Amino acid sequence: MKIQRIAQGVFIAAAWLAASAAHSAEPWPKARPIQFIVAASPGGGGDSFARVIADKLGKAIGQTLIVENKAGANGMIGNDAVVRAAPDGYTLGFSYAGALVGNKWFNPKMPHDVQKDLLPIAQVSRGGGILVVTPSFPARTFAEFVKEVKAHPDKYNYGSWGQGSGGHIAMEAIKQQTGIALQHVPYKGVQPTLIDLKGGRLQVAFVDSNSPQPMIAAGDLIPLAISGTRRTLLNKDVPTLNELGLQYNSDAWYGLFGPAKLPPEIALQLNTAINQILKDPEMLEQLARMNTSDPPIKTSEEFRQTIASDIENWGQIIKAANIQIE
C-alpha cells in the first residue's frame, strides 16, 4: 500500500511538472498576464493614458496587461524595474520623454543607461508644451512677446512645472536663440503654475498642452507657441517654435519599452499592434482630448533614433544654460 501511495505521488508530481512545462512552453503572450509598469503616479494624465494603452494593447494581442505604478526619481524607478526584468515579453514599461532624455543629463549616476538598457518598442504620442501669457501681459503674439521682454531685460519671470522640465528646456532654447532675459520659477507641477497664473502672481509660463485648456477657452490665458514639432490637435492656430523661426526639434512623448534583450519578434509584434491602435478612431479621439499632435507611426528603430536626437538636442541646451538639478 505504501509503495502504491509513493507511486501515485510520483505520478501526480510528474503530471504537474509536465503540465507546468507545457504551460511555460506556450508561445508568447499566452503563458501568463503581462506586467505593465508605468513610470508615473496613479491618477495623473500619464497614468490614465497608460491604462487606455494597456487595455487596447491587451485586446490586440490576446492577453491581460496588469498595470503597476512605479513612480519616483523622475521616472527612473519605473524604468529601472523594466531594465532588470526578464527579457521574455512579460514585463513592459510605459514611460515619457523627460524620464529618459532628462535623466540622461541630470542623473549621471543613475543605475542604468537608457540608450543601452532599454529597448524602445513604440512611440505612442507626441506633442509639446505651450508658452502662455496672461491677459495683463502686453503681448498677443510670440513676436510681441520677444519684443516686450527684450525691451525690459529681467523684468519678467516665467514658470514651468519644474527644474529641468520640458518647459524649462524649451524656454531656455528660446532665450538662447532670441537673446531675451527672464528668470525661471520652477513649480512642483503644472497645477500650481496655473494657480499663480490665475491669481496674477505670474504672467508667463510654459505649461503642458492639456491642463490649461479651460483657462485658454475662458480667455484667462493666451497661447503664443507650441514647443513640439507639430501643432496640437486642439490648438491648431498656435504655431510651433520651428514655424516661428527657432530651432527646437524635440517633442514631449510617451512610449512603450522593454528590457534591452527583448526578442526582436516580440518587439515587432508589439510595435505593429501599437501602430494599429494609434490609427483607431477611438484612440484618435483620446489623443485629441489630451491635445497631443497627430499620432506617430514609427518603427522601433525610428523611435530609438528619436530618443537619440532628443538627448543630443536637450544636451546642447542644458550645457549652454548650465542647468543643474540638485
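Helices (H or I, at least four residues) and strands (E, at least two) are DSSP runs, numbered from the N terminus. The model is predicted: local features need pLDDT of at least 70, side-chain atom pairs count only at pLDDT 80 or more, and totals for chains, interfaces and linings use all residues. Residues are numbered from 1 along each chain as its sequence is written, and side-chain values use heavy atoms, with hydrogens and water left out.

Helix α2 spans residues 45–61, and its 17 residues reach 24 Å from the first C-alpha to the last, close to the 24 Å expected at 1.5 Å a residue; the expected span is 1.5 Å times one less than the number of residues. Among its buried residues are Phe49, Ile53, Leu57 and Ile61. Buried means under 20% relative accessible area, exposed over 50%, and partly exposed in between (1.4 Å probe, protein chains only). Gly62, with a positive phi near 75°, follows the helix.

**The sheet**

Five strands form an open sheet of mixed pairing, in the order β2-β1-β3-β10-β4. Strands β2 and β4 (118–123) stand at the edges with a single partner strand each, so one side of each is left without a neighbour in the sheet. From one strand to the next, the twist averages 30°. Strands β3 and β10 pair in the antiparallel sense over 4 bridges, and Phe94 stands opposite Leu256 in β10; two strands pair if DSSP finds at least two bridges between them.

| Helix | Strands touched | Angle of directions |
|---|---|---|
| α3 | β1, β3, β4, β10 | about 35° with β10 |
| α10 | β3, β4, β10 | about 25° with β4 |

Axes are lines fitted to C-alpha atoms, for helices over the stretch in contact, and angles run from 0 to 180 degrees between N-to-C directions.

Ser95 is found in strand β3 and, at 1% relative accessibility, counts as buried. Its side chain makes a polar contact of 2.9 Å with the side chain of Asn79. A polar contact is a pair of N or O atoms within 3.5 Å; within protein, one must be able to donate a hydrogen and the other to accept it, and residues adjacent in sequence count only if both atoms are side-chain atoms.

**Nonpolar cores**

The largest nonpolar core has 46 residues, and those with the most contacts inside it include Leu131, Phe142 and Leu182. The largest share of this core, 6 residues, comes from α12. A nonpolar core is a set of buried Ala, Val, Leu, Ile, Met, Phe, Trp, Tyr and Cys residues joined through side-chain atoms within 4.5 Å. Leaving aside neighbours within four places in sequence, Leu182 is in contact (heavy atoms within 4.5 Å) with residues including Phe145, Met171 and Val204. A second, separate core of 31 residues includes Ile53, Val124, Met283 and Leu287.

**Backbone details**

Most residues other than glycine have a negative phi, and most peptide bonds are trans. A cis peptide bond with omega of about 5° joins Trp28 and Pro29. Asn291 has a positive phi of about 60° and is buried, with a relative accessible area of 0%. Asn322 also has a positive phi, about 55°, but counts as exposed at 54% relative accessibility.
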